[in-house]
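Thanks for coming. I have one structure to go through today, so please look at the screen.

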Amino acid sequence: MTERPPTAPDRPLTRALHAAAARRGLRGGDTLPDVPELFALVRDMPYARADTHEPAGIIAGWRGTCSTKHELLAALLAEAGLRSTVMACTQEIRPPAGAPAELLALSGGQAVVDVHTYLVVHAPQGDMTVDATWPLAAAAAGLPVNAAWEWGQDQGIACTPLETWAVPEGESVAAFKDRALRARYTPQELERREAFIQGVGRLFLAQSR
């Protein structure tokens with residue numbers, strides 16, 4: 001009996017992303033997105049709180065903040081055979097002076113504390129920093145957008161990191177981030193942070209319709 005060649009991995013999340021993007025008119029055909037397009041599709045999801053940290057649910061909701069976007073991207077890259085490490089860092093958010101008035105108003109003129117997440121992708125060309133937080137449309141608001149994936153080249157991190165950690169493999173990103181936030185910031189600071197993120201999410205969702 002002649003042996004058949006091994007089949008390619010099923011890549012269910014990538015297929016779900018392709019189908020969801022096709023429904024939104026963002027891509028067509030039957031070919032699955034390559035790695036640079038996986039990055040672009042996740043990056044350009046509206047910045048807003050997802051209802052879940054499960055990758056399939058993030059795709060279904062088609063939105064995410066830094067944590068959920070990078071959890072999804074890490075899972076998609078794993079299907080493509082790429083290992084990545086989720087990184088977390090403290091930051092102080094200060095909308096740029098040229099940002100729209102609505103965005104400036106959300107911060108109340110004060111720094112907003114947060115723990116940001118991004119990826120280090122262990123690519124064959126070398127480790128590379130990847131940050132898919134802000135969609136291309138956010139560039140108009142002066143926010144730091146990474147326009148392209150270039151193999152082996154670090155992307156800009158969407159903040160100025162203060163303290164930085166690698167999230168241990170297998171640990172919940174949400175739980176790690178929650179512990180870091182509660183260990184460093186007051187309940188009042190965390191309340192302002194939540195109000196800011198929710199407000200930014202409403203602003204971007206409104207712009208994406």
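Buried, as I use the word, means under 20% relative accessible area; exposed means over 50%, and partly exposed is in between, with a 1.4 Å probe and protein chains only. By that definition Trp149 is buried, with a relative accessible area of 8%. Phe39 is buried too, at 1%.

Before going on, some notes on the source. This is a predicted model, in which local features need pLDDT of at least 70 and side-chain atom pairs count only at pLDDT 80 or more, while totals for chains, interfaces and linings use all residues. Residues are numbered from 1 along each chain as its sequence is written, and side-chain values use heavy atoms, with hydrogens and water left out.

Now the aromatic rings. Rings of Phe, Tyr and Trp (for Trp, the six-membered ring) pair if their centres lie within 6.5 Å; planes under 30 degrees apart count as stacked, over 60 as edge-to-face, and the rest as tilted. The structure has four such pairs. In one of them, Phe39 and Trp149, the ring centres are 5.9 Å apart and the planes are at 55 degrees, so the pair is tilted. Phe39 sits in helix α2 (residues 35–43) and Trp149 in the loop between β3 (126–130) and β4 (164–166), so the pair ties together parts 110 residues apart in sequence. Ring pairs join Phe39, Trp149 and Trp151 in a cluster.

On to helix α4. Helices are DSSP runs of H or I, at least four residues, and strands are runs of E, at least two, numbered from the N terminus. Twelve of the 14 residues of α4 are buried, among them His70, Leu73 and Glu79. Just after α4, Gly81 has a positive phi of about 90 degrees.
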